Structure formats: structure tokens, C-alpha cells
Amino acid sequence: MATAILLVGGYGTRLMPLTKNTPKPMLTVAGIPVTEHQLNMAKAAGITQIVLATSYLSELFTPYFGDGSKWGMQIQYAVEKTPLGTGGAIRNAAKLINSSESIVILNGDVLSSHNLSEQIRQHEANNADVTLHLTQVEDARAYGCVPTDSDGRVTDFLEKMDNPVTNQINAGCYVFNPRVLSSIPIDAVVSVERETFPLLVKNGAAVYGYVENAYWVDIGTPQALMKASVEIVKRHGDFLIAANSVVDPSAQLTGGSSVAPGCQVASGARIQSSIIESNCFIGANAQIINSFVSRGTKVEEGAKIESSFVANQEIVPIP
Ligand code: GTP
């Protein structure tokens with residue numbers, strides 16, 4: 001069975017100040033960290049062996065995920081002293097994998113409902129070197145695009161352009177045949193998107209696209225992070241409250257809001273389209289609208305917070 005490497009070591013600069021004390025993949029979306037959504041997705045595809053490729057704030061993953069047994073998985077940690085880039089991270093994490101089976105790589109900031117089992121099946125049926133999940137977007141100008149031929153083979157990796165030749169973009173989930181790992185230099189900073197993949201295609205390697213347009217979101221920007229959480233909560237109802245959080249019956253939660261574990265929400269509070277991370281206290285009659293409240297925050301009684309990130313005692317308007 002395939003093993004997975006989750007790339008969770010980036011700085012997440014676009015989400016500052018939320019990422020000052022929390023790595024981007026540990027940010028809460030719909031009540032749980034992004035990485036936990038990914039573990040659930042990998043598990044659903046039958047994957048139980050995971051390596052977390054960490055670097056920035058690496059020490060924050062282990063207390064939460066431990067050895068993975070809580071999720072019925074085996075989790076190992078590969079730590080880069082300084083970030084090695086996406087390619088360097090894959091090469092480094094693969095040192096912990098001793099298997100000839102397929103390796104699934106997940107970008108740690110993508111939530112996707114695509115059929116990972118089918119992506120792996122097609123990869124193996126094609127005896128491919130790499131198979132990338134590609135998703136089709138309405139306007140590909142903001143992304144690099146990835147054209148494929150009639151057999152599904154990737155023909156190019158193109159940088160952002162005004163007139164993209166295709167609306168297929170790299171969705172950040174790859175299946176690798178372990179034989180291609182040796183094409184990534186060891187202990188070096190390498191970008192898999194900008195260096196490894198274009199080189200493999202240039203050298204005639206069997207690089208395939210797996211095109212599927214299931215729910216897909218890259219939570220790397222403030223707007224996308226907020227939107228993703230609301231959308232995921234709304235699949236199940238108008239709000240979500242973790243089992244061990246206490247919300248006063250007179251408080252109102254609406255618009256896809258989520259309250260993570262260990263929180264207390266006092267009487268008359270109004271929380272609309274917002275993310276409340278774990279162990280927060282929301283005072284009586286506070287109003288929180290379209291905002292992200294970081295773990296452990298105390299929001300004063302009667303406070304009004306709108307379209308803001310609340311982290312490290314700072315309230316910063318969402319850009
Ligand atoms: P920005 O600084 O906001 O661009 O975010 P980022 O640093 O996370 O970069 P990006 O969004 O391009 O990264 C995509 C995924 O790869 C994220 O899940 C990152 O955590 C991960 N990643 C990026 N660079 C590295 C790295 O050097 N090492 C590891 N282990 N993961 C990385």
C-alpha cells in the first residue's frame with residue numbers, strides 16, 4: 001500500500017500574523033487542523049503510513065499527532081533544519097520510507113475531495129514516474145498551467161501567463177514511483193514544481209496528469225482560508241461546535257462558523273462566518289464576524305471584531 005509524505009514545512013508568509021506561532025497546515029479549518037483533514041483523506045484512500053515533512057515550527061506537530069495511532073495511522077516526522085523547498089523536502093522525507101510502493105505527496109495547504117485511490121490506480125496502470133492531480137479552473141491566469149496530450153501525458157509546465165494554453169493547473173497532490181526520487185539532489189534546496197517536474201518532462205520521463213474537478217481549495221491566502229472553512233462547515237449545517245466546547249444557549253452561531261475543542265462562548269455572543277480555534281474564551285455579547293480567532297485567545301465581553309485575524313493579542317484586518 002502507498003505511503004504518503006505531507007509537505008508541511010513552509011513559512012506561510014501570506015497568512016501572517018496567523019502563522020507567527022502556528023505553521024499554516026496546523027491552522028484550524030472547520031474545527032480541526034488542515035493536516036488532520038488531509039490525514040482523513042489519505043486514510044479514506046487506504047493509506048496508513050505517513051511522513052510529515054516539517055521545518056518551520058516543526059515542534060508543533062508532534063504534540064498533536066504523536067505516532068498517529070489516534071487516527072489508526074503510523075506517523076513519522078522528517079525535520080529539515082532549514083526549509084529545503086518542496087523537492088528537497090520530498091527527498092529528505094523519503095529517507096524514512098523503505099518501500100517500493102507508490103509514494104503520495106500532498107501539499108500541506110490543499111484540501112481536496114478528489115478520488116486519490118483512482119489517481120494511484122491510474123498511476124500504477126500507466127507505470128508512470130509521476131502522476132499529478134490537475135484541476136480545471138475558470139481563470140488560469142493566476143496559476144502556472146499544465147498541458148497534457150491525448151494520452152494524459154504532461155507535455156509542459158508553464159509559468160503564469162496572460163493567455164494560458166489550458167485551464168488545467170497543478171492541484172498539489174502527486175503520486176511518485178520511488179525510482180524518480182534519485183532525480184532530486186539530496187540535502188539541497190529544490191522546488192519540485194519549478195525544477196524537478198520540468199526536468200523530468202524534458203528528459204522524457206512518464207509524467208501523467210490525473211484530471212478531476214472535485215472540491216479543491218488552496219488555503220494559502222486569507223480569503224481562501226476563511227471561505228474554505230465556511231464551505232466545509234456548511235456541508236453539514238450552519239455551524240459546528242466541537243464536542244467538548246461549551247456554548248451558552250443564548251449565543252448565536254451562523255454562516256458556517258466553527259468553534260474548535262476546549263472553547264467557552266458566553267451568553268449573547270454572536271459569531272458569524274468565523275473560525276474560533278481551540279481553547280478560546282468568547283465573552284458575553286461579543287460579536288465576531290467573518291474573522292479568525294487564534295487558539296487560546298480571550299475576547300472581551302462586548303467586543304466587536306469584524307473581518308480580522310486575531311493572533312498574539314493583535315487584531316489585524318484581513319487583507
Ligand atoms: P507562503 O510563504 O505563504 O507562500 O507559504 P509556504 O511557505 O507554505 O509556501 P507554499 O504555499 O508554496 O508551499 C506549499 C506547501 O509546501 C505548503 O504546505 C508548505 O508547508 C510546503 N512547503 C513549502 N516549502 C517547504 C519546505 O521547504 N519544506 C517543507 N517540508 N515543506 C515546504
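The model is predicted, so local features need pLDDT of at least 70, side-chain atom pairs count only at pLDDT 80 or more, and totals for chains, interfaces and linings use all residues. Residues are numbered from 1 along each chain as its sequence is written, and side-chain values use heavy atoms, with hydrogens and water left out.

**Exercise 1.** Find the domains and describe how they meet.

Solution. Start with the bounds, which come from an automatic or database domain assignment: domain 1 covers 3-218 and domain 2 covers 237-317. Next, take the centres over C-alpha atoms; they lie 32 Å apart. Then look for contacts (heavy atoms within 4.5 Å): 13 residues of domain 1 touch 14 residues of domain 2.

**Exercise 2.** Find the salt bridge across the interface of domain 1 and domain 2.

Solution. Apply the rule: a side-chain nitrogen of Lys or Arg must be within 4 Å of a carboxyl oxygen of Asp or Glu. The rule finds 1 salt bridge across this interface. Now check glutamate 314 and lysine 20: they form a salt bridge, and their closest N and O atoms are 3.7 Å apart.

**Exercise 3.** Is serine 274 buried or exposed?

Solution. Then compare its relative accessible area, 1%, with the cut-offs: buried is under 20%, exposed over 50%, partly exposed in between (1.4 Å probe, protein chains only). Serine 274 is therefore buried. Finally, list its neighbours, not counting residues up to four places away in sequence: among them are Met226, Gly256 and Ile288.
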